[in-house]
Amino acid sequence: MSANSATPAEKAGQTEKPDSGSRIPNFLKIPFWAQILIGLVLGVVLGWIARSYDVSWLVTTLDKVGGTFVGLLKLAVAPLVFFAILVSITNLRKVNNAARLATRTLLWFMITSLIAVGIGLTIGLLTNPGSGTGLTPKDGKVPEDAGSWLDFLTGIIPTDVITPFTDLNVLQIVFMAAVAGVAVLKIGDKAQPILELSESVLALLQKALWWVIKLSPIGTVGLIGFAIADYGWNLISKYATFTADIYIGCALVLFGVYPLLLALVAKVNPVQFFKGAWPAIQLAFVSRSSVGTMPVTQKVTERLGVPKEYASFAVPFGATTKMDGCAAIYPAIAAIFVAQIFDVQLGVKEYLLIAFVSVVGSAATAGLTGATVMLTLTLSTLGLPMEGVGLLMAIDPVVDMMRTATNVAGQALVPVIVAAREKILDREAYESASASPLDDIDAVEDAVPTRSSVPAAA
């Protein structure tokens, strides 16, 4: 049949786009932030119902839903950290003044941590979070795993290459990845197949993790719902001052210190930073995992104008070492809380030790859900009873959400500051950054390494 004899419908079919009837109309698409908000509200309601009416099956369901979501995030943590760190180190060879950028990044990590721990200590001293709680030393118990400086230092080097992955020892994984990355750089062209394989595996992991991230609203229902059902408002009320201190401290850092640094040091609009970084901050609040949020953190950091070559180093590095919430504000307030419960007097020396531990030992948290290792490291350094950890475990999931959100905001902040000061920040991109990568399922493709672009880790 000739083209001229085609029917009108066939002619139309030659020019019309494929049928989009199966697509979801725009007015029915719910933005990701709204999905998270709905999940939070639904989780609170279901948790309240489960606890108020003793609905055991609902408690179990919420626990399984939340636990499965966190489990999926943790499943990707070990290989993601390894390949992200390895690739990020090799990417530094493509950046001018790489050593200078790495040094400045570490320096600003330490500066912001020191400011955060100062705020935590100030709030703790002003509010006395351990007073009037009704808690006693008998309410605490010694944790199974306690951190010490000896354990921290000796624990960096693994005894084999398998155990760090099976036991999810992120600090040891970071060490092996750093060694592998430096080795790849030293070997040069002969190691190119290893680098290409690493980039491909990283892209695969990021794609799979992206699918998990899209499940965050469902995970939110389970995590928040089980927290309410299991702990209840009565328990939370015992820790009201402590919980408020953590949230206030994190809020001061997040919405006070960070905007000041952006305005005065980076000389950029702080509001624009939160526009661009909000998807990562929001996901961190829900997932309680800096490493799980890492692909989104890097994506928003790049959209804020930080060069991909530098961001692919700074963000993975920060996701495992930059913890203003978990490693600065939290241990400072927690140490004061435990000291007051156990009637131990802290002096200037102890406060200086807290600051030292927070600035130097933050890598011990390693981006995982929770900050127990950092807390035990702080308490052991101060000589405080380890039973204090048991006192705080009950409230940990509630405060961990805000801690992790602060962590991730700092992990995006420092690359912006360093890039701005080194005059490599794309200010036009920064000023236009606003789209959420979570509302665009194809946006992740821009962050996957390709042969035609500089390899990146997000």
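This is a selection-by-selection tour of the predicted model shown above.

**Before selecting anything**

The model is predicted, so local features are reported only at pLDDT of at least 70 and side-chain atom pairs only at pLDDT 80 or more, while totals for chains, interfaces and linings use all residues. Residues are numbered from 1 along each chain as its sequence is written, and side-chain values use heavy atoms, with hydrogens and water left out.

**Whole chain**

Start with the protein chain in cartoon view. It has 19 helices and zero strands; helices (H or I, at least four residues) and strands (E, at least two) are DSSP runs, numbered from the N terminus. Of the 458 residues, 54% count as buried. Buried means under 20% relative accessible area, exposed means over 50%, and partly exposed lies in between (1.4 Å probe, protein chains only).

Switch to a surface. The accessible surface of the chain is about 20,300 Å², and carbon and sulfur atoms hold 63% of that; accessible areas come from the Shrake-Rupley method with a 1.4 Å probe, and for residues only the protein chains shown count as cover. Contact means heavy atoms within 4.5 Å. Among contacts in the chain with a separation of 6 or more, 84% are between residues 24 or more positions apart.

**Helix α2**

Select residues 32–52, which make up helix α2. Within the selection, show Trp33, Leu37, Val41 and Val45: they form a nonpolar patch on the surface, with about 380 Å² of accessible area together. Patches are made of residues with over 30% relative accessible area and no salt bridge; like charges are joined within 9 Å, and nonpolar side chains (Val, Leu, Ile, Met, Phe, Trp, Tyr) within 5 Å. Leucine 37 counts as partly exposed because its relative accessibility is 44%.

Move along α2 to leucine 46. Leucine 46 is also partly exposed, at 23% relative accessibility. Beyond its neighbours within four places in sequence, leucine 46 contacts Leu58, Leu62 and Val221.

Select residues 98–127 for helix α4, whose 30 residues should span 44 Å at 1.5 Å a residue; the end C-alpha atoms are 44 Å apart, which agrees. The expected span of a helix is 1.5 Å times one less than its number of residues. Just after α4, asparagine 128 takes a positive phi of about 50 degrees.

Next select residues 308–321, helix α13, where 14 residues should span 20 Å and the end C-alpha atoms are 20 Å apart, in agreement. How much of α13 is buried? Eleven of its 14 residues are, so the helix is largely enclosed by the rest of the structure. The buried residues include Tyr310, Phe313, Pro316 and Gly318. To see what surrounds them, show α3 (56–91), α4, α7 (170–187), α12 (290–303) and α18 (396–421), against which the buried residues of α13 pack.

**Salt bridges**

The structure holds five salt bridges, each a side-chain nitrogen of Lys or Arg within 4 Å of a carboxyl oxygen of Asp or Glu.

Select aspartate 400 and arginine 288, whose closest N and O atoms are 3.0 Å apart in a salt bridge. This pair links distant parts of the chain: aspartate 400 is in helix α18, arginine 288 is in the loop between α11 and α12, and they are 112 residues apart. Aspartate 400 is buried, at 0% relative accessibility, and arginine 288 is buried at 13%.

Then select lysine 322 and aspartate 324, a salt bridge with closest N and O atoms 2.8 Å apart. Aspartate 324 is buried at 0% relative accessibility, and lysine 322 is buried at 0% as well.

**Last stop: glutamine 272**

Select glutamine 272 in helix α11 (residues 270–287). Is this residue buried or exposed? Glutamine 272 is buried, with a relative accessible area of 7%. A polar atom of its side chain lies 2.3 Å from the backbone oxygen of alanine 433. Apart from neighbours within four places in sequence, glutamine 272 contacts Leu304, Tyr430, Glu431, Ser432, Ala433 and Ser434.

Note on methods:
A polar contact is a pair of N or O atoms within 3.5 Å; within protein, one must be able to donate a hydrogen and the other to accept it, and residues adjacent in sequence count only if both atoms are side-chain atoms.
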